[in-house]
Amino acid sequence: MRLDKFICDCTGLTRSQAGKVIRQKLVTLNGELVKQAALQVKDSDVVCLNDEQLQLIGLRYFMLHKPDGYICSTEDPEHPTVFTLMDEPLIERLHTVGRLDLDTTGLVLITDDGQWSHRISSPKHHVAKTYRVWTADPIPNSAIEQFAEGVMLRNEKNATLPAQLEILDETEALLTIHEGRYHQVKRMFAAIGNKVVKLHREKVGGLQLPDDLAEGEYIALTTTQFAEITA
């Protein structure tokens, strides 16, 4: 890899900025000052900028417990984003895997791996998402069969994919869906004449939001957790 590209990938500097710090004699390669941006950096080389060793940042995978009132985008003029809860280098490279509504809480996956993100969020891969739902009115037992058969949403041409509904209480249930249409859970309950008053995502695939991960906190995925998402 070229030295200037290596610096860019480690720091977030632009190519021209990387060239500038090299010309300013702020970069060393294996302890020696270097002036050529095109020098090739090997895996065994030690590159320092202002006497600080640079390390390439690989692909990253996080799980965050989203609080109410945060949005799943990089910036918004009215509301804080989930990225303000994180302290990571080159945070501008990260994105959420799908989105939760402003008032929805729970499990959000965050990464800089676009292919992995697509595999999870693409409807054709049918990765399950499980939500805990609280409604304004009692949930009838008939909703279990309705959701299992698929329901027609307003302004949609096709019914939803079969979904699994587990009623926990009169106005509380777990709903597992296998796609991610716009406001899907809320619209599914609206289609049967009910209203969602609170929504919390508990699982993506086989990955469960840990009980000890407080709202606003996040962790890097372990190898086991990573595998559970598509299990």
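Threonine 28 has leucine 33 of strand E2 as its bridge partner, and strand E1 (residues 27-29) is joined to E2 by 2 bridges, the two running antiparallel. Strands here are DSSP runs of E with at least two residues, numbered from the N terminus, and two of them pair if DSSP finds at least two bridges between them. This is a predicted model, in which local features need pLDDT of at least 70, side-chain atom pairs count only at pLDDT 80 or more, and totals for chains, interfaces and linings use all residues. Residues are numbered from 1 along each chain as its sequence is written, and side-chain values use heavy atoms, with hydrogens and water left out.

**Strand E8 and its partners**
- Strand E8 (residues 129-135) is mostly covered, as 5 of its 7 residues are buried, where buried means under 20% relative accessible area (1.4 Å probe, protein chains only), exposed over 50%, and partly exposed in between.
- E8 pairs with strand E10 (residues 172-177) in the antiparallel sense over 6 bridges, and threonine 130 stands opposite threonine 176 in E10.
- E8 is also joined to strand E11 (residues 196-204) by 7 bridges, again antiparallel, and tyrosine 131 has arginine 201 in E11 as its bridge partner.

**Threonine 81**
- Threonine 81 lies in the loop between strand E5 (61-66) and strand E6 (95-96), and it is buried, with a relative accessible area of 5%.
- Leaving aside neighbours within four places in sequence, threonine 81 is in contact with Tyr70, Ile71, Ser73, Thr74, Glu75 and Asp76, contact meaning heavy atoms within 4.5 Å.

Methods
Helix = DSSP H or I, 4+ residues; strand = E, 2+ residues; numbered from the N terminus.
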